[in-house]
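Try each task before you read its solution.

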Amino acid sequence: AATCSTRARVDANPRKRAEASPPSPIKQTRIHASKAKRLSVCTKARAPAGSSSPRPSEPSSLSCRHARFDMAAAMVWVPILEDGVFRFDVSEAARVAAGPSLSFAEPRRREVVLRDGAGRPAVVPECEVVGDDVHRVLIKLPSGTSFYGTGEASGPLERTGKRVFTWNTDAWGYGSGTTSLYQSHPWVLSILPDGKSLGVLADTTRRCEIDLRQESTIKFAALSAYPIITFGPFDTPAQVVASLSHAIGTVSMPSKWALGYHQCRFSYKSSERVLEVIRTFREKGIPCDVVWMDIDYMDGFRCFTFDNNRFADPKSMVDDLHSIGCKSIWMLDPGIKEEKGYFVYDGGSENDVWIKKADGSPFIGEVWPGDCVFPDFTSERIRTWWARLVRDFISNGVDGIWNDMNEPAMTTTTKTMPESNIHRGDADIGGVQNHSYYHNVYGMLMARSTYEGMVMYNTEKRPFVLTRAGFIGSQRYAATWTGDNLSNWEHLHMSLSMVLQLGLSGQPLSGPDIGGFAGNATPRLFGRWMGVGALFPFSRGHSEAGTVDHEPWSFGEECEEVCRLALLRRYRLLPHIYTLFYVSHKKGTPVAAPLFFADPQDTELRKIETTFLLGPLLVCASTLPDKGAHECAHKLPNGIWLPFDFGDSHPDLPVLYLRGGAILPVGLPIQHVGEASLGDDLSLLVALDENGKAEGVLFEDAGDGYGFTQGDYLLTYYVAEVHSSVVSVKVLKTEGSLKRPKRNLNISILLGGGAMISSRGVDGEEVHFTMPSEFEVSSLVATSELDLKERLETIRPIPDMDEPSGQEGTELSKTLIVLKSGDWFLKIVPWIGGRIISMTHVPSDSQWLHSRIEIHGYEEYSGTEYRSAGCIEEYKIVRGHLEQSCVEESKVCLEGDIGGGLVLQRHISILTDNPKIVQIDSSIEARSVGPGSGGFSRLVCLRVRHTFTLLHPTEVVVAFTAINGSKQEISLDSGEVMLEGGLRPNGEWTLVDRCSGLSMVNRFDHRQVSKCLVHWGTSDLNMELWSDERPVSKDTPLRICHQYEVTQT
């Protein structure tokens, strides 16, 4: 296969022939078993073509070998949906032949052509078709355009210069350069230089490359023809996202309790522990509405079962939770244990619901329970079967469902099921297809089925479903989170951008695992993360098995207090957040939006990542360990922005501003949503604009159910205005049939600097009070600013520490060594094994290493046994100019004591004369070997071990020319391979990722290397270099010097 290029330019520039891609530097020959007993044959399965059986005819995957492009051609277009929305296809015939849309809420709307007053598109893409029917679309926009969207994507907020692949992937511990995460959104939001906005959707379910590396250019590449849908240009990005929602649907209106705080862990091991956690929240006065059950509640990880010992009476436990105002959410995975006598397996087999292999037998994959089968959610009949199981499961008192592992994920080297598997999809979503067609929508279809099962059980309650995997449009059925993140400051920072990107891609109900899932948070990291996480649309703390406890009180009194203040803020702001979700449900606008939404024409706002908007509310956070939000310089949009707090300002909490011209509804500080009632006192915070006016809106209903769809709600529009120094606040208009409750109204006018004046009245009646004079305002502001300064100075910030006292584990809180020069950006952890944990190739923005702080990445051992001395010791910096502040350098020398008078020394450098290359020169040296040994050490072996991340496991091979002259290639089906003698690489081997078009070349002196080891993991690859095994002396060290370079494949 190859890639396919489509080009589009404003005002339809002429066609251009694409340049031919350079040939691959590696000849792709195979190794036969007869040549190497320990080396497996590399094979590539493809789905059969032209079959009349229930096997699809298209290729099984997108392969990324390069080929010469055909002539690009402008795509044909028709107006659809509404003004400003256009559909583009390669040809009229391709439009007719296109499969149904799985992104559109109503797929038929993509097919209906608007006839009157639709106008013409401002941008017309062009398309090239090459190789195995790969279509590449190119859209050229004006210079200075900024790109956003692409759905669930790690790294920076602005996606300009980035590339992602839509292929739902279990991406535990992902980094800023990971190009495929758990969800797929083939969508780009473009902010043009003048502030106008254009959205582009590639309406394909297949693996799709989204390439934004060329200036002001969007490129898509995917197998088979697919429509391109453009939205706009419109005046604002909010209008583009709203227009997108008219196609893909809006978020399902959440219950109010679902917007409270959620507490989760993998796992709370018993019903007693669950109740203990929630009772502790209540005792400590920390708000919480929901507790979560991970897979350990099940009997042997069998879905729809309960462990008879640890969760013997789930209904009783849930009743106890409900009595103290807490809901429960329970996990369901798609993998069903293959076990006769297990009622789910037996029922599914009787009803023929399992995904099939190409030979027609049920596919069996390994997940948590062991061998599993998987429901084929592409069939309505099978979705209904699953929904009935959910319906019956809900009867145990379950309040919500958590769908995990539904990429679908496997604990095998491919990380998912074979692309040749067969789905018996209904005709209205695409019919019978292989897995490559339905992979990216499997999670969304599972969430849909789960949602429908909850509706079956109770039509009077709004379902709550959380899904890990999803596709653009998943918000119709489920919330989502940003997957298995890490407990470090980088992931705290990325969590803001990731939540915003999902909102820009149509999914407003999302959030990260607060505190980080993998690894141990420090007190300051956890508190800072809770400070901002409490203001995300979806707010949940979650942590991995084997880590320290991550409840708000687990990190000391100072952190506990910050968490309490942060969550009380959220609950006071719930009337506003709930209103934002109602508006999002009705109109499709994001709940949390980037700062540039306030002024799209201000280009300085486009890269700001630590500040975001909740409607007119501005949240300014800090993700710097040594600086609180109040110490950071925050760029504010033009206009009036007035700071305020609830008497809760703290160095580890975000700073809040309200836009001039806005009225913010605020509730009481409660412990859970069930404590509130419509008759409670209501507060309005008012920030007048330059004309002395302000307006705001408040949505109220029962907080659950569907009465609001029948008019049983109250939507109140408040206005404030100054006339002759008198402020009047009143209800301008209302919607809905819900009667206004009798309640007190507390009104505060913000003056600036945190100062405010307040008055009381009755909601629904006009309230008047006199504004102070300019002199009085200045005095109030100055006093308030001084009080705030003094308060912040007297509050002790959360203390930070390297590791939680007395607990196991470690995290990224000590000073990293940073090497940055030429093409490379490296991060090194000297305090655990001198490990390289990040190796980023800057020109391609690709992160190569798969690492945690304490394991994997680049490490070295001193013996043939796994994790022998050398990989966990503390290393010292012995040469280089690095200081405590970790200034960027191009080289460093590290040295670690590995015992027995030996040291392991490592010189890491980005070459000055060729900055495309990273060189690592390592040696085991004898420093103080006793004379009784004759000056020789114990037997040692220098074992260099690098763990590479595999974004596309089925598209990756290790290729090289062996010493014996044979051309060899090792793929993931090879398992573990040891290369010795003439089968060793002749000084160079290459990790080739055909899908990304990149290769990592590792060069070495084969005379220093006695063995080479290749080991395929579930999402990573080990490529190891082994020296001879022998004693060393001062004069006879062991040494391996090798280099890395990234090249285009």
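The exercises that follow concern a predicted model.

**Exercise 1.** Find where S216 lies, and decide whether S216 is buried or exposed.

*Solution.* 
- Start with the place: S216 sits in the loop between β13 (208-211) and β14 (217-223).
- Next, take the relative accessible area of S216, which is 0%.
- Buried means under 20%. S216 is therefore buried.
- Now look for its partners. The S216 side chain reaches the backbone nitrogen of G144 at 3.3 Å.
- Leaving out residues up to four places away in sequence, S216 touches I139, K140, L141, P142, S143, G144, T145 and F147.

**Exercise 2.** Describe the second largest pocket: what is its volume, and which element gives the most to its lining?

*Solution.* 
- The second largest pocket holds about 1,100 Å³ of space.
- Its lining has 37 residues, and L580, V583, G615, P616 and R659 are the closest to its centre.
- Four elements to check are α11 (557-587), β36 (662-666), β38 (693-700) and β39 (714-723); each supplies at least two lining residues.
- α11 gives the most, with eight residues.
- By type, the lining divides into 19 nonpolar, eleven polar and seven charged residues.

How values were computed:
Residues numbered from 1 in each chain as written. Predicted model: local features only at pLDDT ≥ 70, side-chain atom pairs only at ≥ 80, totals over all residues. Heavy atoms only, no water. 1 Å grid on protein atoms, 1.4 Å probe; cavity = no way out; pocket = protein on both sides within 12 Å on 5 of 7 lines; lining within 4 Å. Points joined across faces, edges and corners; volume = space filled by probe spheres on them. Nonpolar A, V, L, I, M, F, W, Y, C, P; charged D, E, K, R; others polar. Buried < 20%, exposed > 50% of the residue type's maximum accessible area, 1.4 Å probe, protein only. Polar contact = N/O pair within 3.5 Å; in protein donor to acceptor, adjacent residues only side chain to side chain. Contact = heavy atoms within 4.5 Å.
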